[in-house]
Amino acid sequence: EPIKTYSSGMQMRLAFSVATAVRPDILIVDEALSVGDIFFQQKCFDRIHNYNRQGTTLLFVTHSMGIVHHLCNRAIFLDKGRLILDASPKAAIDLYQSEMLSSRDANPEVITVTKNAGELGDTGSLIASTVELAHVRWLNELDQPFDIIESEAQVTLEIGFRFLADYADPHVGFKIRDKYGLVIFEANTYTMRVPPGAVKTGELLTTRFSFVLNVREGDYNTTVALSADGYSEGSFKQQLYFAHGLAP
């Protein structure tokens with residue numbers, strides 16, 4: 001059939017198939033893996049991994065953070081053609097996400113985004129001057145702190161924030177990430193429909209999340225977040241705290 005009768009997705013699938021029919025030395029892919037059903041995407045990933053093992057260099061352009069984690073061992077964060085960071089996928093993705101959050105914030109002048117690990121936390125941490133993290137604790141079913149836990153155990157994540165300003169609608173959240181930075185579980189008080197309520201200057205807000213930790217063997221750490229004024233399906237007008245690499 002003439003290619004002009006193909007949908008844009010089918011054209012992209014055909015182009016990828018032709019481009020990878022013979023192993024190239026360098027494969028450049030620009031968002032092409034976002035088309036097609038999951039089975040086609042899995043075929044693409046399998047072919048790319050196979051070519052990488054044989055020595056092909058992959059240059060992959062995307063806004064999909066999960067695919068960067070999955071495919072790449074180095075990442076470059078660009079903003080309007082300007083190099084922001086050349087680092088590991090984890091560091092580049094963390095900084096990209098924090099920059100996107102701060103750019104949409106209603107009060108960005110109070111926010112500091114960590115450009116390099118060691119300034120205020122891991123690269124990509126976002127911290128407002130109006131809040132302080134008081135503590136992050138993982139507790140077992142006996143409310144005792146732990147470093148190692150068996151999979152499928154009942155756990156509680158306790159997060160405490162101290163406020164240096166009044167907020168009418170604060171919300172606390174977290175992510176559990178593996179050693180590569182890939183998110184395996186996340187939740188927050190806004191999407192769970194359990195708002196903490198208004199807080200005053202000087203107040204300590206302690207939030208507890210209890211659940212069964214169903215993960216496979218490995219090393220994990222916690223990203224802790226605090227936002228204000230929730231709307232839609234999990235968006236916030238103000239980003240107050242978003243720090244990585246806590247409570248390993």
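## Strand pairing around Trp138

In this predicted model, Trp138 has Leu157 of strand S8 as its bridge partner. Strands S7 and S8 (residues 153-163) are paired in the antiparallel sense, over eight bridges.

The open sheet has three strands, ordered S7-S8-S11, with antiparallel pairing. S7 (131-139) and S11 (204-213) stand at the edges with a single partner strand each, so one side of each is left without a neighbour in the sheet. On average, neighbouring strands of this sheet are turned by 15° against each other, direction ignored.

## Aromatic pairs

The structure contains eleven aromatic pairs. One of them joins Phe16 and Phe40 in an edge-to-face arrangement, at 6.5 Å centre to centre and with 75° between the planes. Phe16 belongs to helix H1 (residues 8-19) and Phe40 to helix H2 (residues 38-53), so this pair ties together parts that are 24 residues apart in sequence. Phe16 is buried, at 7% relative accessible area, and Phe40 also counts as buried, at 10% relative accessibility.

Phe161 and Tyr241 form an edge-to-face pair, because their ring centres are 5.2 Å apart and their planes stand at 70°. Phe161 is in strand S8 and Tyr241 in strand S13 (residues 235-246), so the pair links parts 80 residues apart in sequence. Both residues, Phe161 and Tyr241, are buried.

Phe40, the ring paired with Phe16, has Arg13 over its face, at 4.4 Å from the ring centre.

Terms used. Residues numbered from 1 in each chain as written. Predicted model: local features only at pLDDT ≥ 70, side-chain atom pairs only at ≥ 80, totals over all residues. Heavy atoms only, no water. Pairing = 2+ DSSP bridges. Helix = DSSP H or I, 4+ residues; strand = E, 2+ residues; numbered from the N terminus. Axes fitted to C-alpha atoms, helices over the stretch in contact; angles between N-to-C directions. Phe/Tyr/Trp six-rings, centres within 6.5 Å; stacked < 30°, edge-to-face > 60°. Buried < 20%, exposed > 50% of the residue type's maximum accessible area, 1.4 Å probe, protein only. Lys NZ or Arg CZ within 6 Å of the ring centre and 35° of its normal.
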